[in-house]
Amino acid sequence: MSPEPPAFLFDLDGTLYTDDGPIAGAVKTIAELRRRQIPVRFVTNTTRTSRRAVVTRLQSYGFAVHADELFTPAVAALDLLRERDIHTVAPFVAPALLEDLEGVELCGGVVQERCGGNPGGVLIGDLGEDWTNRLLNEAFRYVMDGASLVALQKGRYFMGTTGLEVDAGAYVAALEYAAGVPALVCGKPRAAFFDAVVRSLGLDPPLSDAERPAMVGDDLWNDVEGAQQAGLLGWLVRTGKFREDVLAGSNVSPDRVIDSAEEVM
């Protein structure tokens, strides 16, 4: 049997909790990993709320977590925007996320303040039912006029309150198709996103087999395949949006498939 990973990265929604609360055994699992002094990081593609609010939610469920252990697409976006020398951004994201974008000039999109010129970037997140044709066309026109298309994430779907719901990736794909340009992706499955998490563990990619942490999540592509392509292990949980038929019909081969995060220990 292969040795246990030296560290774990956990997806949140569908892996550690759902809209109904923490998944059975998840709080105990994180506590046990900490007791054994096994490093843990929390990695999420959520773009509906701020990093601060996610930490508060985790703590309210009983998870022991610190803000510097939580990695989100918005945090990664600030790094990407700086790398690309993009200073003005039109945000098409949930208003609750705007507090995580300090340091970037925001105009257009959900802030409704007109841009003095064309923004340097268009930032796309999960707006859910707040998406309108007006907003989609506004984003499209900015990109057609030269703005970089930046996607916080390109998730396909997630488990919502009504069942499976379309994620931000569908809107990103629509803009890519219409404008004929690829989006720059900030969160999972971007290798640089995983590299940042790995470096926070004191490791320097590329990793040896003995150094490889396990990414535990319910998304075949963002969690499992993305982690594997970044040199990590990819463990799939049968909770959240997991579907046996999707796994069987995919070309993704998880390093391990477990019933829930509880089986990590």
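Helix 4 (residues 133–144) lies across strand 6, strand 8 (121–124) and strand 9 (148–151). Its direction runs at about 155° to strand 6. Axes here are lines fitted to C-alpha atoms, for helices over the stretch in contact, and angles run from 0 to 180 degrees between N-to-C directions. Helices (H or I, at least four residues) and strands (E, at least two) are DSSP runs, numbered from the N terminus. Helix 5 also packs on the sheet, where it touches strand 8 and strand 9. The direction of helix 5 makes about 160° with that of strand 9.

This is a predicted model: local features need pLDDT of at least 70, side-chain atom pairs count only at pLDDT 80 or more, and totals for chains, interfaces and linings use all residues. Residues are numbered from 1 along each chain as its sequence is written, and side-chain values use heavy atoms, with hydrogens and water left out.

Five strands form an open sheet, in the order 7-6-8-9-12, with parallel pairing. Strand 7 (105–106) and strand 12 (184–185) stand at the edges with a single partner strand each, so one side of each has no neighbour in the sheet. Two strands pair if DSSP finds at least two bridges between them.

Look at strand 6 (residues 88–92). Strand 6 pairs with strand 7 in the parallel sense over two bridges. Threonine 88 has glutamate 105 as its bridge partner in strand 7, and valine 89 has leucine 106. With strand 8, strand 6 pairs in the parallel sense over four bridges. There, phenylalanine 92 is partnered by isoleucine 124. Strand 6 is mostly covered, with four of its five residues buried. Buried means under 20% relative accessible area, exposed over 50%, partly exposed in between (1.4 Å probe, protein chains only).

Arginine 41 is found in strand 4 (residues 40–43). Arginine 41 is buried yet has no salt bridge, a term for a side-chain nitrogen of Lys or Arg within 4 Å of a carboxyl oxygen of Asp or Glu. The nearest side chain of opposite charge, glutamate 69, is 4.2 Å away. Lys and Arg count as positive and Asp and Glu as negative; His and the chain ends are not counted.

Aspartate 167 sits in the loop between strand 11 (163–166) and helix 5 (169–179). Aspartate 167 is buried too, and has no salt bridge. Lysine 241 is its nearest side chain of opposite charge, 5.4 Å away.

Note on methods. Contact means heavy atoms within 4.5 Å.
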